[in-house]
Amino acid sequence: MSRYLTPGKIALLVLVELYAESRFPNKAVLPVISFVIKQLVRPKDTTTFILGLDQIKDVTVNEPSTVVGRTIFDLLLMELWYINSFDALHTFFADAQIYLRDPEKQEPSPGHVKHNKRRFISPTSILGCFIRRAGLEFSKLQFHETNSLWGAFVRFREPTLSLWKKRKLGAGPMSFDANLKGMTMNDLLVQKVYGKLDGSKDWTVSTDDVERLLEYQVETMQRLGTRVPDETQLQLRKMLSTDVPISHLRHYVNFLNSWRSGDYPSSFDSLHRYFDYTMHSRDRTFYQYALLNLAILQADFGCHRESVLAMQETINTARENKDMACLNFALSWLYHFHRAHPQDCPDVIASRMERESLQFLKAKAKEWGMDHLLSMAYLSETRQILLGGDSVPAAFESLLRSSHINVTHQIHNAQGSQILLQSTLWSRLGVSQLAWLNCELFLSKYDNGSPSEDLVVALCRSAYILSMRGRFDEALDRLEQVDQEALRSLKIYQYWASYIGLIKLRRAVYRNEFAAAELLLQQLTSSEQVEPDCALETSIAKIELQMRTGNFVAAMLHCNQVSAELVRDRADSYHKVRLMILKAEIFARSGRAMKGLSTAISAASMAWKARFLPVLFYAFNVIATILIQLEEYNAAYKMLDSIMPQVLECEDAYLTAQCFACLADGQVGLAGTRKGVSRAECLGRALGFIDRAFSEYSRVQDVYSQKLMMSRKIRIQDYLGDKTLRDDAVKMYRQVEQGREGVNPGPSPFRH
């Protein structure tokens, strides 16, 4: 069985010899030699594993040679057919070694003076190493193995017989072996020697090819976080059908594929199989990596306690073996795991994580020159600042440090995390357009080579921002543009499906489609493995649904439950403030205005200190609503009027609609305290705000609020005595009630 040599590599060796004999003009050197090197070095795609003569022909058939009227493919064909016997194959490999000479240190021998145009190849170059290894592997072959290689080469060359007949007079069916001249395929000797070659797949693929394909699969799956593509699986099945010995790396590929597909038993079994083979050959040097993979696997399938125990053993083993790369990665992983799941970490681990914080990881990353770990440490520092609601300039500083490292050291797979974190930072500052542009920039410019999980997260976030603008259909269409290959991973698919369900849930809540909303809510909460941000958005949508149905008791209970979980998990301060505002809104709508006012003011204070501007504006809207209930119309109007430019910049259609509606209520309240022209002016401004609120409610398809705005407009027009405008408002109210056909939402302040 072939360890390295195949007929395709013999053809590559012929091309190298033609290059050494100066048969290539300068124009043809770069494309042909680049093709040869591409087949020899670490592959970048799946086209470099099973090398056929058609691939070589595509590269060489249009390249001229130094022989007039002949292409490089013509010379290759001639050299291949000159290897016309078993003895000629031995001679070919023996003669290939004469090209290995360093021209700066050794003069050519007198016997080769006539070849003054010969290019000598350095033994340490890529081509030189290929020549040396090919000769070494050929010399190791036993007689029956060499004979099998010769038979495979005969089959490999056979499709070019018709082309060879046109170029060589006298060439015939028996030209593949000079010793068979004058014989036919029916002769007993020919049948004895070559009769078993038909249909045999031996020696078409080597063990080296299989290992290169498996290494390529592992590297791709680890870098992109996806499963094995169908095309690559087909390549592997073709290779394994040639009876090549299966590398133990095949078990690791099966482990990664099963892990991404969500098959816990198969992934666990394949991981044990792989490291069982590895332990036999490398003792305990890879033991820490077995534990590391086991810990990450357990964490992905929700076995958090087992994962922490395995990671502790990983740290101890890495320290014992002085593997600093594994040790630093394990400490970094354990730190992030503690931040995400503090309730599942023992007290000893939690106290250690407080001491061995990011400063320790950054110091170790700098000490050992681990640029990727240092970049991720700065991103973790930025994330920690955002979670705690600390200084925004400090967050930008850490983010820019990470970006500098990524650009300087070309760390491409960290660009996604950096840009997504930057998008989060802009969204919390209330600049929705920049947050959306960051997601679109990543999807359009960094999609090649970025992890599939980062791409799907960016796509979901971009679609969610569109849904906040009221463009639900466009957001769902955007989510449908996801790469289907990425969705073969169970974790990525669940994240993508959760965002589709979340957008549909919010649309159903706005439309007052309570039955559909309950069904979507049940589907979203049925899965145990849901990302924290999706789970929180689902909980908030559930609270809003309960508020719309008038079930304020259940809404308050659920709000308190989610708040307690956030406090227990030391979760994001941004979400804590959001829940405080929801609680204040529940108090306001259930008749406890003063309790809601104190809660909303506390939430606004926290949001202002942390610069959580969107939730700050929500808090102002709740405060203004309560002030209107307390008949403080002027204060409510002035407060909201001062923040409306920033509210419009947030591009949250529902928040904008609520603010306009509250401004209209403030003007109506002020009109009640005035008389004459001043009252008419207040009511006129109220009508303008109602129209703007109706426009934004139309974009989010909030039927109840649209009807509410039209009913208020009808009352004001009736009071002003304008029957024509009142009748128009009545018609629009009926259109909304009947299904919104023909309702014009009016101009939007948002960009398209």
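1. Where pLDDT is low, the predicted coordinates should not be read in detail.

2. This is a predicted model, in which local features need a pLDDT of at least 70 and side-chain atom pairs count only at pLDDT 80 or more, while totals for chains, interfaces and linings use all residues. Residues are numbered from 1 along each chain as its sequence is written, and side-chain values use heavy atoms, with hydrogens and water left out.

3. The protein chain has an average pLDDT of 83, and 86% of the residues score at least 70.

4. Helix H23 (residues 452–468) packs with helix H24 (residues 472–479) at an angle of about 170 degrees, their axes being 8 Å apart; the axes are lines fitted to C-alpha atoms over the stretch in contact, and angles run from 0 to 180 degrees between N-to-C directions. H23 and H24 are therefore roughly antiparallel to each other, a term used for angles over 145 degrees.

5. In this contact, Leu459, Cys460, Ser462, Ala463, Leu466 and Ser467 of H23 meet Phe472, Glu474, Ala475, Arg478 and Leu479 of H24. The residues of the contact divide into 7 nonpolar, 2 polar and 2 charged, where Ala, Val, Leu, Ile, Met, Phe, Trp, Tyr, Cys and Pro count as nonpolar, Asp, Glu, Lys and Arg as charged, and the others, Gly among them, as polar.

6. The whole structure holds 22 salt bridges, each defined as a side-chain nitrogen of Lys or Arg within 4 Å of a carboxyl oxygen of Asp or Glu. One of them joins Arg478 to Glu440 at 3.0 Å, N to O, and this pair links distant parts of the chain, since Arg478 lies in H24 and Glu440 in helix H22 (residues 432–445), 38 residues apart. Both Arg478 and Glu440 are buried, meaning under 20% relative accessible area with a 1.4 Å probe and protein chains only, whereas exposed means over 50% and partly exposed in between.

7. Arg471 and Glu474 also form a salt bridge, at 2.9 Å from N to O. Arg471 is buried, with a relative accessible area of 16%, while Glu474 is partly exposed at 38%.

Notes. Helices (H or I, at least four residues) and strands (E, at least two) are DSSP runs, numbered from the N terminus. Angles under 35 degrees count as roughly parallel, over 145 as roughly antiparallel, 65 to 115 as roughly perpendicular and the rest as oblique. Contact means heavy atoms within 4.5 Å. pLDDT is the predictor's confidence in each residue, from 0 to 100.
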